[in-house]
Amino acid sequence: MAVQNQVVLADRLEEFEQFPFGLMLWESAVALAKWIATHAGLVENSRLLELGAGAGLPGLVASRVGAKVFQTDHLAEALLLAQANAERNHTGGITRFLADWREWRCEERFEHVIGADILYDRHFHADLEAIFRCSLAPGGLVVLADPGRDAALEMMAYLERRGWRIDWETYEVGAIRPEESDLRRSVEVNIWKVSR
């Protein structure tokens, strides 16, 4: 479940502090969910933190393959949507909490920290790196999905300068909202794997 009609959502824009992108399902979330399903043995029995959960698909898949999942978002509506999607898919045991990357308060450690489409705003890059530093358990892995934005490349360069190791692979997923005039029926999504 996710918002399918962006026009209707845009008409209610004045109700939100910023556009609620997290209420929509994006190709990066689908690619990250596929990566998790493909690497189920890696995430099984691990503690996994999802940043910017939105509709919650990657965390839902991680929970289904046996991870103990903690989903965060700055929008309460997004966490309610993630909860509804988990209930609809008969998946329980996911912990959810509101979180502001600029004022991170979670002191727990996780073997995996994941996020889909969270690198678009350069202003949050330092905040995200600080979260990775304090939330990732020793030997852990950060896995981020992004559809090839320049800001994501800048974030990876920033992380490398800060001592992180970067690897990536590409997943091709079907376009979720292909426009009739758009010839693009699939989207290539980078899966960034970040470790210390």
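**Close-up 1. The buried residues of helix α4 in this predicted model.** Within α4, the residues Pro 58, Gly 59, Leu 60, Val 61, Ala 62 and Ser 63 are buried. Six of the eight residues of this helix are buried, so α4 is largely enclosed by the rest of the structure. What do the buried residues of α4 pack against? Their partners are the helices α2 and α5 (76-88) together with the strands β1, β2 and β4 (110-116). If you follow the chain just past α4, you come to Gly 66, which takes a positive phi of about 110°.

**Close-up 2. Helix α2 packed with helix α4.** For α2 (residues 27-38) and α4 (residues 57-64), the angle is about 15° and the axes are 8 Å apart. Angles under 35 degrees count as roughly parallel, and α2 and α4 are therefore roughly parallel to each other. The crossing of α2 with α4 is right-handed. On the α2 side, the contact is made by Ala 29, Val 30, Leu 32, Ala 33, Ile 36 and Ala 37. From α4 come Leu 57, Pro 58, Val 61 and Ala 62. Which classes of residue make up the contact of α2 with α4? There are 10 nonpolar residues, with no polar and no charged ones.

**Close-up 3. Strand β2 and its pairing with strand β1.** Five of the six residues of β2 (residues 68-73) are buried, so this strand is largely enclosed by the rest of the structure. Is the pairing of β1 (residues 47-51) with β2 parallel or antiparallel? The two strands pair in the parallel sense, over four bridges. To find your bearings, pick out Leu 48, which stands opposite Val 69 in β2. Both β1 and β2 are also among the elements that the buried residues of α4 pack against.

**Close-up 4. Tyr 158 and the residues it touches.** Tyr 158 sits in helix α7, which covers residues 150-161. Its relative accessibility is 21%, and Tyr 158 counts as partly exposed because buried means under 20%. Leaving aside residues up to four places away in sequence, Tyr 158 touches His 125, Ala 126 and Glu 129. Take Glu 129 as one example: Tyr 158 and Glu 129 are 29 residues apart in sequence, and their C-alpha atoms are 8.9 Å apart in space.

Conventions. Residues numbered from 1 in each chain as written. Predicted model: local features only at pLDDT ≥ 70, side-chain atom pairs only at ≥ 80, totals over all residues. Heavy atoms only, no water. Buried < 20%, exposed > 50% of the residue type's maximum accessible area, 1.4 Å probe, protein only. Contact = heavy atoms within 4.5 Å. Axes fitted to C-alpha atoms, helices over the stretch in contact; angles between N-to-C directions. Parallel < 35°, antiparallel > 145°, perpendicular 65-115°, else oblique. Left-handed = near helix turned anticlockwise from the far one by under 90°. Nonpolar A, V, L, I, M, F, W, Y, C, P; charged D, E, K, R; others polar. Pairing = 2+ DSSP bridges.
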